[in-house]
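Reader: Before we discuss any details, could the sequence and the model be put side by side for me?

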Amino acid sequence: SERTNPMSLDPTLLEILVCPEDKGELHYIESEQVLFNPRLRRTYEVRDGIPVMLVEESTQLTDEEFDRLRGLVGRAAG
């Protein structure tokens, strides 16, 4: 499926969204359209502006992907 332009998530929604597994903070990476949980090395896809917050549909990251996304979050925070 071809990606459309990245959609922003409502900041209020981002404040209340947590990982369904560890209940911790998630980082929204708009360019990737994912919510990133660095603690569990997992992402949750955002489809058409809607976060898919199901553990069974999350993506477990390889070391390479984890490092890449962690770098994106670090640059955004810096």
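Predicted model: local features only at pLDDT ≥ 70, side-chain atom pairs only at ≥ 80, totals over all residues.

Author: Residues are numbered from 1 along each chain as its sequence is written, and side-chain values use heavy atoms, with hydrogens and water left out.

Reader: Which side chains make polar contacts with the side chain of Arg42?

Author: Arg42 lies in strand E3, residues 42-47, where strands (E, at least two residues) and helices (H or I, at least four) are DSSP runs numbered from the N terminus. A polar contact is a pair of N or O atoms within 3.5 Å; within protein, one must be able to donate a hydrogen and the other to accept it, and residues adjacent in sequence count only if both atoms are side-chain atoms. By that criterion the partners are Gln60, at 3.1 Å, and Glu21, at 2.3 Å.

Reader: Is Arg42 buried or exposed?

Author: Buried means under 20% relative accessible area, exposed over 50%, and partly exposed in between (1.4 Å probe, protein chains only). Because its relative accessibility is 11%, Arg42 counts as buried.

Reader: What is the geometry of the aromatic pair formed by Phe36 and Phe66?

Author: The structure holds 1 aromatic pair, for which rings of Phe, Tyr and Trp (its six-membered ring) need centres within 6.5 Å, with planes under 30 degrees apart counted as stacked, over 60 as edge-to-face and the rest as tilted. Phe36 and Phe66 are 5.9 Å apart from centre to centre, and their planes make an angle of 55 degrees, so that the pair is classed, by the definition, as tilted.

Reader: Which residue lies over the face of Phe66?

Author: A charge sits over a ring if NZ of Lys or CZ of Arg is within 6 Å of the ring centre and within 35 degrees of the ring normal. At 3.9 Å from the ring centre of Phe66, the residue over its face is Arg41.

Reader: What is the phi of Gln33?

Author: Most residues other than glycine have a negative phi. Gln33, in the loop between strand E1 (27-29) and E2, is not a glycine, yet its phi is positive, at about 55 degrees.
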